[in-house]
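Work through the exercises below with the sequence and the model in view. Each task is followed by a solution in steps.

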Amino acid sequence: MKPQQKLLNSVDRCVDEALEGIVSSSGCLSLLRGHRVVVRADLEALKGRVALLSGGGSGHEPAHAGYIGSGMLSAAVAGGVFASPPPASVLAAILSLRDAGVSGVLLIVKNYTGDRLNFGLAAEQARNRGVAVEMVIVADDCAFDQPSKAGRRGLCGTVFVHKLAGALAEEGCPLDEIVSKVTEAVKGIGTLGVSLSPCSVPGCLPSFDLPAGEMELGLGIHGEPGIKRSKVTSADEVVKNMVDHMTNPASQSHLSLKSEGRGVRVARVMSGSFMTSLEMAGVSLSMMRADQEILRLFDAKTTASAWPNLSTVCISGTSYILDPPAKDMQETSHTEGPLSDVMRKALEAVCSSLLQRQEELNSLDRASGDGDCGNTHAQAAKAIQEWLPSHIVPGCPGQLLSTLAGLVQERMGGSSGALYSLFLTAAAALLKDRSDPAAWANAMHAGTDAMRWYGGADPGDRTMLDALCPAVDELRRLTTSPPGGHMAILQAAVEVQYTSP
């Protein structure tokens with residue numbers, strides 16, 4: 001087994017280059033020289049307020065630097081990939097915030113031993129320098145029924161804490177009040193992940209093996225073992241199992257919600273990448289119990305780039321299906337006319353011919369295309385054949401072409417369906433009130449013009465226009481020829497399609 005391929009310049013400098021890229025492309029972030037510490041570029045705006053500092057191992061992007069901004073984190077400390085940041089860098093970040101004149105610093109730490117130790121050591125060192133520092137530990141993992149001595153792991157629910165604490169700090173709340181409120185909020189946060197593939201630290205082999213077709217429930221964000229492996233099932237079933245496990249009152253790690261059919265109102269939904277695990281495929285589900293105060297803080301504005309621009313509308317009870325416009329009665333009410341019978345017979349003949357030549361058309365297409373031309377035209381022919389027995393063929397040719405345009409658009413598919421539908425729709429407009437030979441000629445010309453305009457092709461580009469355009473040029477002679485010459489023009493239009501280059 002070989003290490004998985006990654007687009008890197010250097011394994012040793014991949015974290016530093018990633019941070020340099022984030023900062024240089026942001027315009028509102030700065031990098032602390034000599035440390036993997038990203039800070040707000042406008043630190044002076046924090047004077048007199050509580051600053052928020054978080055961080056951890058790299059490889060979880062957009063966490064944690066993506067959550068720096070007004071209304072969220074003031075700074076973030078990055079360790080190596082999946083490695084806790086060193087205490088010296090955490091302390092440097094705290095002291096930089098102190099020098100900006102903040103009233104205190106809140107450390108938001110995920111419950112991993114390395115993070116607790118290194119952030120904790122830096123906090124003690126900062127207190128010895130007179131800095132008001134407090135630490136909130138987030139342990140939102142709902143995987144294990146009986147967590148180990150280390151407790152529940154810190155996962156993506158940490159991002160909720162960033163947001164709540166950030167909103168409180170932005171409002172000027174004192175440090176002790178922020179600690180009290182977010183500590184209480186943490187009790188109502190739960191997260192559970194499911195993995196479909198392993199991941200690998202740059203330059204290393206994958207951290208675990210997961211056979212194809214299997215998934216693992218309850219992994220940590222560094223690939224730590226989960227609680228159960230099973231066959232991959234439907235998305236609906238996976239999510240149901242995740243929610244059932246997260247809310248199972250028999251588990252010491254459960255999130256206290258009502259049982260199935262719980263009737264819980266979903267106030268906000270965030271969907272996207274918030275705390276990843278390198279290239280690991282899968283999903284994590286985080287839930288937070290919310291009251292009006294929590295929602296107010298959740299909805300408060302932030303400039304952090306990774307926080308989504310969410311609606312403040314309650315999701316539960318909101319209708320998200322809108323009825324399409326009603327069909328115009330003129331489009332659906334058809335009457336027969338003198339041309340109905342002959343047009344029906346012409347359609348039947350065309351459809352029959354297309355189906356008989358399905359394989360011949362496929363064979364011709366294989367020489368220059370993907371070999372499905374016959375199949376595509378057969379779909380259109382079958383759609384028309386199914387439509388004919390139960391519908392009137394309208395006496396107005398324009399109405400018939402509009403109907404056919406809708407059929408091929410819906411049933412033919414691909415670019416061919418779009419092109420034929422364009423042709424028929426444009427042609428139909430010129431046959432609403434007239435059906436004389438000149439009108440048909442002008443309609444054909446309008447159809448090919450639409451195909452050329454929207455499709456971007458011209459005669460000579462090796463498309464169907466190479467045959468259609470010469471035929472249409474012949475047909476345009478119908479606009480000036482006497483009735484006695486019409487059949488000769490029609491015959492010439494047919495023949496020129498076979499002789500076109």
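## Exercise 1: Cysteines

Cys 204 is partly exposed, at a relative accessible area of 38%. The model is a predicted one.

Solution. 
1. Cys 142 has 0% relative accessibility and counts as buried, whereas Cys 204 is partly exposed.

## Exercise 2: A serine in a loop

Task: decide whether Ser 74 is buried or exposed, and find the residues that it touches.

Solution. 
1. Locate the residue: Ser 74 sits in the loop that runs between β3 (50-58) and β4 (75-81).
2. Residues under 20% relative accessible area count as buried. Ser 74 has 2%, and is therefore buried.
3. Leave out residues up to four places away in sequence; the contacts of Ser 74 then include Val 38, Val 39, Arg 40, Leu 43 and Leu 46.
4. Ala 51, Leu 52, Ile 68 and Leu 97 are also touched by Ser 74.

## Exercise 3: The buried side of a helix

Task: list the buried residues of helix α15 (residues 465-475) and name helices that cover them.

Solution. 
1. The buried residues of α15 are Leu 465, Asp 466, Leu 468, Cys 469, Ala 471, Val 472 and Leu 475.
2. Among the elements covering these residues are α14 (437-455) and α16 (486-499).

## Exercise 4: The whole chain

Solution. 
1. Count the elements: the protein has 16 helices and ten strands.
2. Along the principal axes, the C-alpha atoms fill a box of roughly 105 × 50 × 50 Å.
3. Of the 501 residues, 44% count as buried.
4. Among contacts with a separation of 6 or more, 67% join residues 24 or more positions apart.
5. The accessible surface is about 26,000 Å², and carbon and sulfur atoms account for 54% of it.
6. There are 43 positive and 53 negative side chains, with the centres of the two sets 6 Å apart.

How values were computed
Residues numbered from 1 in each chain as written. Predicted model: local features only at pLDDT ≥ 70, side-chain atom pairs only at ≥ 80, totals over all residues. Heavy atoms only, no water. Helix = DSSP H or I, 4+ residues; strand = E, 2+ residues; numbered from the N terminus. Buried < 20%, exposed > 50% of the residue type's maximum accessible area, 1.4 Å probe, protein only. Contact = heavy atoms within 4.5 Å. Areas by Shrake-Rupley, 256 points an atom, 1.4 Å probe, with all protein chains shown as cover. Lys, Arg positive; Asp, Glu negative; His and termini not counted. Charge placed at Lys NZ, Arg CZ, Asp CG, Glu CD.
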